[in-house]
Amino acid sequence: MSDELTRIGASSPELRASHADRDRVVDVLRIAAGDGRLTAEELDERLEAALTARTMGELAVLTVDLPTTLDGGAVGGSAVEAKEVVRIEQKGASARRDGAWAVPRRMEVHSEWGEVTLDFTEALITYDSLRIDLDMRGGALRIVTRPGVVVDTDSLATHYAQVKARRVAESDTPVVLRVEVAGELSFGQVVVRPPRRLFGR
């Protein structure tokens with residue numbers, strides 16, 4: 001997509017940019033920062049420039065040095081479209097989201113005596129926040145993070161349950177996704193951890 005923006009910006013640099021054009025560039029920048037291609041300072045500078053850009057030419061220069069794909073899919077393109085709301089309902093079963101799944105803006109999770117795993121290691125992040133409305137009895141919600149993904153469980157009400165969040169060492173990676181877990185958890189647990197390291201790494 002950055003190649004497309006560059007081409008359009010080169011041929012029609014004075015063409016006025018739309019809100020959708022700015023949003024697409026913001027998506028590319030956030031994904032690039034989460035992948036370690038941009039520093040926190042560079043991300044802040046480019047986001048400000050993208051949100052105030054008036055023309056396609058101004059947008060094109062912000063992504064000209066960034067890849068057009070991520071994990072084999074189009075960045076911010078039509079390969080995977082992120083939904084506003086995703087619902088998971090189960091009883092005595094398990095559900096898992098991993099690989100290059102598109103993170104929605106909100107998730108509603110209703111689970112009884114089962115497990116739900118949300119792995120953000122390779123997730124496609126297009127929103128800057130995710131709210132998880134949890135209604136869980138028994139079982140566990142497991143959240144696997146990556147640099148740039150932070151999880152807040154302060155709004156979660158627990159009854160005979162526990163929340164285990166492994167402390168991660170501070171890094172210079174900018175925050176690309178804030179996950180808020182709210183709702184109720186009874187007779188179960190929420191586990192937040194970084195991905196496990198493979199032997200030899």
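This is a predicted model: local features need pLDDT of at least 70, side-chain atom pairs count only at pLDDT 80 or more; totals for chains, interfaces and linings use all residues.
Colleague: Is tyrosine 160 buried or exposed?

Modeller: Exposed, because its relative accessible area is 72%. The cut-offs are under 20% for buried and over 50% for exposed, with partly exposed in between (1.4 Å probe, protein chains only).

Colleague: Which residues make the nonpolar surface patch?

Modeller: Trp113, Tyr160 and Phe187, and the patch has about 430 Å². Patch members have over 30% relative accessible area and no salt bridge; nonpolar side chains (Val, Leu, Ile, Met, Phe, Trp, Tyr) are joined within 5 Å, like charges within 9 Å. Areas come from the Shrake-Rupley method with a 1.4 Å probe, and for residues only the protein chains shown count as cover.

Colleague: And which residues gather in a patch of negative charge?

Modeller: Glu41, Glu42, Asp44, Glu45 and Glu48. Asp and Glu count as negative, Lys and Arg as positive, and His and the chain ends are not counted. A charge is placed at NZ of Lys, CZ of Arg, CG of Asp or CD of Glu. Glutamate 41 lies in helix α3 (residues 40-52) and is exposed, at 53% relative accessible area.

Colleague: What about leucine 47, buried or exposed?

Modeller: Leucine 47 is in helix α3 too, but it counts as buried because its relative accessibility is 16%. Leaving out residues up to four places away in sequence, leucine 47 touches Val26 and Leu29, where contact means heavy atoms within 4.5 Å.

Colleague: Switching topic: how many salt bridges does a search of the whole structure find?

Modeller: It finds 12, taking a salt bridge as a side-chain nitrogen of Lys or Arg within 4 Å of a carboxyl oxygen of Asp or Glu. Aspartate 21 and arginine 24 form one at 2.3 Å, N to O. Both lie in helix α2 (residues 19-34), three residues apart, about one turn of the helix.

Colleague: What does arginine 30 form a salt bridge with?

Modeller: Aspartate 128, with the closest N and O atoms 3.5 Å apart. Arginine 30 is in helix α2 and aspartate 128 in the loop between β6 and β7 (129-137), so the pair ties together parts that are 98 residues apart in sequence.

Colleague: Which residues are linked in a network of salt bridges?

Modeller: Arg87, Arg106, Glu108, Arg131, Asp133 and Glu180. Within that group, glutamate 180 and arginine 131 have their closest N and O atoms 3.4 Å apart. Glutamate 180 lies in strand β12 (residues 177-186) and arginine 131 in strand β7, so this pair ties together parts 49 residues apart in sequence.

Terms used: Residues are numbered from 1 along each chain as its sequence is written. Side-chain values use heavy atoms; hydrogens and water are left out. Helices (H or I, at least four residues) and strands (E, at least two) are DSSP runs, numbered from the N terminus.
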